[in-house]
Amino acid sequence: MIILYTTERDYPWGTLRSTHASKTKVVLEEKRIPYRIENLPPGDLWKKPAEMVARHPLGKVPYIEDGELTIYDSTVIDEYLEERYSWPRLMPPGDVVARAKIRMIEQFADEALLVGNLPPIWMPYWSEPAKRDTERMEKGREGLRSRDLPYIDKVLSEAPAGGYICGDFSVADVGMMVLAMVLEVDGMPSEKFPRVERYLDLLRARPSYRSISPRTKVAEATGRMPTA
Ligand SMILES: N[C@@H](CCC(=O)N[C@@H](CS)C(=O)NCC(=O)O)C(=O)O
């Protein structure tokens, strides 16, 4: 069974999870791969204990163990899972252009959202309200409003039929599930982007979203979720 190393914690305002590991969790759920979670203390991400660095040289999550094999980096892990467990497919086989478009959106989600505008919003929720840097949070929101949501809206408006960002559900949508997760906790108003709002609700309605939903407590999300 695959072991996913991540960080998850229950708070009164929702259950918070590593954003990058959430990408891998969604893929494990979508592909119905049996897995269990090794839930590391959030402090390990800063302390970087030797046993963690032995598996991930940068002491980050996620990394997985698949038998003897250890793999780190959410994008690499998700590609490995796609190649090893090809059904249901999260990448269309053969179509080089469609694959490149999906990879662009995957990369956009990583760079613009997961290491860009989401951490200033998401990280403060790991502290109590009085300790949050509200100015920094607002900068993250402004970054979403001015750059990321307009771009996502444009891509959605040009998407092929299928309802998802590149047509059928694919790895391009997986990073966007993380945006859906963060905005569910934050509640940032985004009514100026109704198409994006509808899309994020569509993602939240997928059974795999339950495994990263802020409403799913750590104790209820320790392995592959039962299908709804
Ligand atoms: N490129 C990596 C980034 C992983 C990453 O930054 N994970 C965060 C948690 S969401 C982390 O471990 N942060 C601790 C650090 O940056 O040292 C991936 O996609 O897995």
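Predicted model: local features only at pLDDT ≥ 70, side-chain atom pairs only at ≥ 80, totals over all residues.

User: Why is helix 5 called roughly parallel to helix 8?

Analyst: The axes of helix 5 (residues 96-117) and helix 8 (residues 171-186) cross at roughly 20 degrees and come within 7 Å. Angles under 35 degrees count as roughly parallel, over 145 as roughly antiparallel, 65 to 115 as roughly perpendicular and the rest as oblique; helix 5 is therefore roughly parallel to helix 8. Axes are lines fitted to C-alpha atoms, for helices over the stretch in contact, with angles from 0 to 180 degrees between N-to-C directions. Helices are DSSP runs (H or I, at least four residues), as are strands (E, at least two), numbered from the N terminus.

User: Which residues make this contact, and how do they divide by class?

Analyst: Helix 5 contributes Ile-102, Ile-105, Glu-106, Ala-109, Asp-110, Leu-113 and Leu-114, and helix 8 contributes Val-171, Ala-172, Gly-175, Met-176, Val-178 and Leu-179. Contact requires C-beta atoms, placed from the backbone, within 7 Å. The contact residues comprise 10 nonpolar, one polar and two charged. Ala, Val, Leu, Ile, Met, Phe, Trp, Tyr, Cys and Pro count as nonpolar, Asp, Glu, Lys and Arg as charged, and the others, Gly among them, as polar.

User: What makes a residue part of the shell around the ligand, and which classes are present there?

Analyst: The criterion is a C-beta atom, placed from the backbone, within 6 Å of the molecule. Among the residues surrounding the ligand are Ser-18, His-20, Lys-60, Val-61, Pro-62 and Asp-73. The shell has three nonpolar, six polar and two charged residues. Helix 1 (19-30) and helix 4 (74-84) each supply at least two of its residues.

User: What is the geometry of the peptide bond from Val-61 to Pro-62?

Analyst: That bond is cis, with omega near 10 degrees. Pro-62 lies in the loop between helix 3 (50-53) and strand 5 (63-66). Most peptide bonds are trans, and most residues other than glycine have a negative phi.

User: Why does Asp-73 count as partly exposed?

Analyst: Asp-73 has 17 C-beta neighbours inside 10 Å. A residue is buried with 20 or more other C-beta atoms within 10 Å of its own, exposed with 12 or fewer, and partly exposed in between; Asp-73 is therefore partly exposed. Its phi is near 85 degrees, a positive value in a residue other than glycine.

Methods. Residues numbered from 1 in each chain as written. Contact = placed C-beta atoms within 7 Å.
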